[in-house]
Amino acid sequence: MSAAPAAGSPSAESVDRPILRVDHVTKRFGGLLAVDDVTFDVKRGEIFALIGPNGAGKTTLFNGITGIFPPTSGRIVFQDQEITGARPHQVAALGIARTFQNIRLFEYMSALDNVRLGQHCRMRAKLWDSLFKTPREQREEREVTDRANELLKFVGIERYAQTYARNLPYGSQRRLEIARALATHPALLLLDEPAAGFTPQEKVELMGLVHQIVDQGITVFLIEHDMKVVMGISRRIVVLDHGEKIAEGTPEKVRNDQRVIEAYLGKQH
Amino acid sequence: MTSLRQFWQSGPRRDPNTIAYTVLLVAAISFPVLAQVATGGNSSFIISVAGDAGVYVLLTIGLNVVVGFAGLLDLGYAAFFAIGAYTYAFLASDHGVVTPLHEAIHLPFWIVLLIAMFIAASFGVLLGAPTLRLRGDYLAIVTLGFGEIVPRVFKNAATWTSGVNGISALDIPSLPLWIQGPWAGAPFGIVRDFKIIEPLAYYVVMVILLIICVILVRNLHRSRLGRAWMAVREDEVAAAAMGVNTVAVKLLAFSIGAAFSGFAGTYYGAKLSLVSPENFGFAVSITILVMVVLGGMGNIPGVITGSLLIYGVIFIFLPQLPEYATGFVTSVGLGDLTRSNGDFPGIAEFISRLKFLVFGFILVLVMLVRPQGLLPSREREQELQKGTHEDTTIVDVNAETA
């Protein structure tokens with residue numbers, strides 16, 4: 001697999017600059033304050049985790065970054081470019097890909113077609129090329145198919161290439177979502193609870209997969225409930241509770257933070 | 001021989017569409033000959049009817065792009081059909097003289113065909129741009145409104161369109177000199193002003209146009225754009241997050257569908273040599289939608305079969321139903337039933353009043369027997385077999401790769 005061109009070179013300078021900056025982001029749904037003035041940076045090439053109890057606003061923040069529900073106020077800066085309020089397909093084209101908490105595959109498309117669709121925004125075929133199947137279009141289709149097969153192999157589900165996405169086993173569906181997201185050539189990959197519903201064995205495999213992704217120069221930003229996965233994999237963690245950032249730092253620091261313990265276990269009286 | 005067997009094993013057995021395409025093509029080519037033999041040389045009428053059916057085939061192929069591929073319910077599709085027909089009427093008749101323009105325009109059929117496609121597609125964009133942000137049911141209502149507005153505008157803008165009377169005596173299309181054939185109805189040789197009057201000529205031109213359209217739409221379906229349509233149909237949010245500009249993709253589906261409708265409208269107007277606002281009502285939109293759904297949404301040979309079947313039922317079977325009934329009762333010795341008696345108007349009239357009841361029964365029957373459509377797409381087939389199919393597919397895949 002070739003490394004994504006959008007991913008930066010590992011020079012000293014670029015490592016220090018954040019790939020994603022969430023700057024005083026607030027999201028209101030009517031009277032409900034889902035995300036409250038949250039600020040943090042995701043550094044290039046790291047595995048960064050966002051945790052918090054149910055309803056803390058984690059997925060809302062993901063939706064804000066990817067343009068599905070733009071934030072009410074605040075700025076989101078990706079690779080020195082402000083993307084606040086950009087449409088989802090523009091965000092994807094800039095190099096942010098994501099998976100969904102409740103798997104959202106194209107159920108009646110084959111696994112292969114799901115991954116080919118992921119390459120949509122990197123393809124150059126115009127209406128004219130598609131109508132008349134020009135040689136250029138045919139070549140591009142072949143390349144896209146080859147790369148889709150590579151990606152299916154990379155996440156380990158190549159035997160399901162011709163199966164409808166909805167007919168895949170649960171774990172393979174989660175893997176297919178990752179393959180589809182990687183197909184967009186991201187520099188930053190957002191994973192929304194990638195280990196949900198996994199067996200311990202599958203969780204270990206997933207952590208291996210995430211490391212392989214990072215090795216290709218893609219920054220991984222994940223939401224995860226499973227503390228073993230989060231603590232074992234991430235370099236830095238941000239904790240949200242009731243939409244507010246209550247802690248940020250290394251796994252050790254976060255693990256021992258009084259407010260985090262309270263948020264998860266309740267206050268001791 | 002072996003190569004034929006290989007071909008069979010690689011292609012048709014896996015893909016029933018290959019068979020469907022072959023059957024349709026053979027039927028289209030042999031139809032005029034068979035009709036000629038069956039009617040003893042008087043096939044003009046039936047071939048003319050077949051040419052008209054081609055207009056509906058075109059319409060269903062176009063609506064299939066919108067409804068079947070992109071999953072946008074369009075209930076006002078006949079509006080674009082009307083726009084295409086009226087475009088031809090304006091640009092290829094003497095009608096211009098009675099409008100405030102005071103000038104007749106006579107553009108060649110083939111150029112108007114392209115203009116009409118372009119105009120219909122533009123109206124598709126015009127309607128789609130503000131409305132395609134709506135989903136499902138809401139879009140259906142907006143298109144329904146558009147479908148009502150367009151014929152009404154043509155009806156009421158009488159200074160330009162002659163209102164309810166419509167526009168008649170449209171130009172007869174002529175073929176370029178170099179495409180003449182035995183169907184021209186004239187001896188071979190240089191014929192200066194060759195006009196398509198013969199029903200057979202209409203039929204042949206229609207078949208050729210249909211083949212081109214099917215190839216182009218099939219290419220689209222199996223391209224980047226076709227995949228994007230499928231993805232938007234399956235899950236719009238996920239498609240957008242994967243980099244698909246959903247509004248642009250839906251707009252393209254809408255305007256390509258509209259272009260087909262405009263194309264069909266021009267052809268229809270030219271063949272009938274008359275356009276009138278009455279011909280483009282809601283019933284036309286619904287009929288085309290029925291053809292698409294009943295034939296097998298999303299599958300090109302399916303919707304073609306559906307359109308031919310429904311066309312046959314509506315325009316051939318139902319009008320002749322009273323005759324069939326009269327013949328039937330006379331032959332079984334109940335000749336009295338053919339005369340009116342008190343409240344009973346006679347069997348022919350009685351049956352002709354029941355026409356649409358019969359039509360409804362046929363539709364209900366087909367949808368009960370084949371809810372997925374006559375020749376469904378693979379996706380559609382699976383959707384309707386939820387639950388029972390999951391295990392088998394996975395086992396198949398394992399068996400193949402093991």
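This is a predicted model: local features need pLDDT of at least 70, side-chain atom pairs count only at pLDDT 80 or more; totals for chains, interfaces and linings use all residues.
Two residues are in contact if their C-beta atoms, placed from the backbone, lie within 7 Å.

**Helix α4 of chain A and its crossing with α6**

- Eight of the eight residues of α4(A) are buried, so this helix is largely enclosed by the rest of the structure; they are Ala111(A), Leu112(A), Asp113(A), Asn114(A), Val115(A), Arg116(A), Leu117(A) and Gly118(A).
- The axes of α4(A) and of helix α6 (residues 135-155) of chain A come within 9 Å and cross at roughly 115 degrees, which makes α4(A) roughly perpendicular to α6(A), given that angles of 65 to 115 degrees count as roughly perpendicular.
- The crossing of these two helices, α4(A) and α6(A), is right-handed.
- From α4(A), the residues Ala111(A), Leu112(A), Val115(A) and Arg116(A) meet Val144(A), Thr145(A), Ala148(A), Leu151(A) and Leu152(A) of α6(A), and by class this contact has seven nonpolar, one polar and one charged residues.

**Helix α7 of chain A**

- Helix α7 (residues 170-182) of chain A has 13 residues and reaches 19 Å from its first C-alpha to its last, close to the 18 Å expected at 1.5 Å a residue.
- Because 11 of the 13 residues of α7(A) are buried, the helix is largely enclosed by the rest of the structure.
- Among the buried residues of α7(A) are Arg174(A), Arg175(A), Glu177(A) and Arg180(A), and they also include Leu176(A), Ile178(A) and Leu182(A).
- The partners against which the buried residues of α7(A) pack are β6 (96-98), α4, α6 and β7 (188-192) of chain A.

**Overall make-up of chain B**

- The secondary structure of chain B comes to 17 helices and four strands, and of its 402 residues, 42% count as buried.

- Helix α4 (residues 78-91) of chain B has 14 residues and reaches 20 Å from its first C-alpha to its last, close to the 20 Å expected at 1.5 Å a residue.
- Since 14 of the 14 residues of α4(B) are buried, this helix is largely enclosed by the rest of the structure.
- Ala79(B), which lies in helix α4 of chain B, counts as buried because it has 32 C-beta neighbours inside 10 Å, where the cut-off for a buried residue is 20 or more.
- Not counting residues up to four places away in sequence, Ala79(B) touches Phe146(B), Gly147(B) and Val150(B).
- Although Ala79(B) and Gly265(B) are 186 residues apart in sequence, they are 9.7 Å apart in space, C-alpha to C-alpha.

- The passage of α4(B) across α5(B) is a right-handed crossing, with the contact made by Phe80(B), Ile83(B), Gly84(B), Thr87(B), Tyr88(B) and Leu91(B) of α4(B) and by Val112(B), Ile115(B), Ala116(B), Ile119(B), Ala120(B), Phe123(B) and Gly124(B) of α5(B).
- By class, the contact of α4(B) with α5(B) has 10 nonpolar, three polar and no charged residues.
- Helix α5 (residues 109-131) of chain B also packs with helix α11 (residues 246-272) of chain B, where the axes come within 7 Å and cross at roughly 140 degrees.
- The crossing of α5(B) with α11(B) is right-handed, and the residues of the contact divide into 17 nonpolar, eight polar and one charged.

Notes. Residues are numbered from 1 along each chain as its sequence is written. Chains are lettered from A and ligands numbered from 1 in the order in which they are written. Axes are lines fitted to C-alpha atoms, for helices over the stretch in contact, and angles run from 0 to 180 degrees between N-to-C directions. Angles under 35 degrees count as roughly parallel, over 145 as roughly antiparallel, 65 to 115 as roughly perpendicular and the rest as oblique. A crossing is left-handed if the near helix is turned anticlockwise from the far one by less than a right angle, and right-handed if clockwise. Ala, Val, Leu, Ile, Met, Phe, Trp, Tyr, Cys and Pro count as nonpolar, Asp, Glu, Lys and Arg as charged, and the others, Gly among them, as polar. The expected span of a helix is 1.5 Å times one less than its number of residues. A residue is buried if 20 or more other C-beta atoms lie within 10 Å of its own, exposed if 12 or fewer, and partly exposed in between; C-beta atoms are placed from the backbone.
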